[in-house]
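Trainee: I'm new to this one. Please walk me through it, and tell me what each term rests on.

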Protein chains: 2
Amino acid sequence: MTLASLQSQPGVAAEVPAETTGFVFNHTMLRVKDSAASLDFYTRVLGFRLIDQRDFAEAQFSLYFLALLPAGTVIPEGDDARRVWMAGIPGVLELTHNHGTETQHGPVYHDGNSDPRGFGHICVSVPDIQAACKRFDALDVPYQKRLEDGRMKHLAFIKDPDGYWVEIISNTPIA
Amino acid sequence: MTLASLQSQPGVAAEVPAETTGFVFNHTMLRVKDSAASLDFYTRVLGFRLIDQRDFAEAQFSLYFLALLPAGTVIPEGDDARRVWMAGIPGVLELTHNHGTETQHGPVYHDGNSDPRGFGHICVSVPDIQAACKRFDALDVPYQKRLEDGRMKHLAFIKDPDGYWVEIISNTPIA
């Protein structure tokens, strides 16, 4: 579909409102059972950096903010500067940990892909999807859909420690 | 919390794995009842652009990909070039519309914030949060939490047509 025809689909605004200049789709929030397990998965398996953490001792929850940053990105050291910087970039992942859920047996949260449905997945794009999936195999990452499963051979879905689906696609032209 | 201490939280990998170079947190997928209503909300109220659409007639669903782009961003015209470009940027929102849900009465999807919980919200950051919220008022956008509600006076939550929460925060220092 051409770019021009996309702009005339039912519901699409004729113009980008001037009042939305500077708006940024900053983050997506998911609740997680065990913050250490999730931080391990998102940093060690997928390469996210932990860029902010906020602990609410009285209300018994913590927020973890992560981002997949281009190599060489300089993260501001100071808390205030880092928080303003973080609010201005897209692609932040916020994980909410309600203290104590990590000791419960079995899954605590709903992945959104069985009833009642809603949220579907997050997606990480990679330069070499074959190499990425081989590495996930070597790291024993569980899959929802392997590259070779089904009709769509150019994408995979892995699962994070809570069972949330993480789609893996290529961000380079596939030969 | 200092940047250095964040890197030693339980679970955080000691180093960003070299194999994740070029990984991008590309998108978040939400199912929507009525694509026209959602495209109207995300483009007219929040300033997203529709940058790709994929219709699966046989399987009776369509995918809409939107992004909040910095002013002046040049979107590639050609489908192939646009799709590679789109896969390489963070902050894309994918909306899945299962054909026919728009004729059902009442809500079709679950927002994740009542049992069974999981997904929480997406967040759009804005340069002038007071002006943004005044405009949402003028546009009769429903709120989950107004700026002045509760203890957190520096953030709001509006609701999209399916009831998904959209947090609104400032991406500039608040005076």
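**Two copies and an axis**

Mentor: Start with G91(A): of the residues of chain A, its C-alpha comes closest to the rotation axis, at 2.5 Å. The model is predicted, so local features need pLDDT of at least 70 and side-chain atom pairs need 80 or more, while totals for chains, interfaces and linings use all residues. Residues count from 1 along each chain as written, chains are lettered from A and ligands numbered from 1 in written order, and side-chain values use heavy atoms, without hydrogens and water.

Trainee: What makes the axis a two-fold one?

Mentor: Superposing chain A on chain B takes a rotation of 180° with 0.0 Å of shift along the axis, and the RMSD is 0.0 Å. That's the relation of a two-fold axis. The superposition is by least squares on C-alpha atoms of residues with pLDDT of at least 70 in both copies. The same surface serves both copies, as 100% of the contact residues of chain A recur in chain B; contact means heavy atoms within 4.5 Å.

Trainee: How many helices and strands does chain A have?

Mentor: Four helices and eight strands, in the order α-β-α-β-β-α-β-β-α-β-β-β along the sequence.

Trainee: Which strands make up the open sheet?

Mentor: Eight of them, in the order β6(A)-β7(A)-β8(A)-β5(A)-β1(B)-β4(B)-β3(B)-β2(B), with mixed pairing.

Trainee: Why are β6(A) and β2(B) said to stand at the edges?

Mentor: Each has a single partner strand, so one side of each is left without a neighbour in the sheet. Neighbouring strands are turned by 25° against each other on average, direction ignored. Angles run from 0 to 180 degrees between N-to-C directions, using axes fitted to C-alpha atoms, for helices over the stretch in contact.

Trainee: What lies across β5, β6, β7 and β8 of chain A?

Mentor: Helix α4 (residues 129–138) of chain A, running at about 145° to β8(A). Helix α3 (residues 79–87) of chain B packs on the sheet too, touching strands of both chains, including β5 of chain A and β1 of chain B.

Trainee: How many disulfides are there?

Mentor: Zero, over all chains. A disulfide needs two cysteine sulfur atoms within 2.5 Å. The sulfur of C133(A) is 11 Å from the closest one, in C123(A), which is too far for a bond. C123(B) is in no disulfide either, with the nearest sulfur, that of C133(B), 11 Å away.

Trainee: Are those cysteines, C133(A) for one, buried or exposed?

Mentor: Buried means under 20% relative accessible area, exposed over 50%, and partly exposed in between (1.4 Å probe, protein chains only). C133(A), at 6%, therefore counts as buried. So does C123(B), at 0%. Across the 175 residues of chain A, 52% count as buried.

Definitions and conventions:
Pairing = 2+ DSSP bridges. Helix = DSSP H or I, 4+ residues; strand = E, 2+ residues; numbered from the N terminus.
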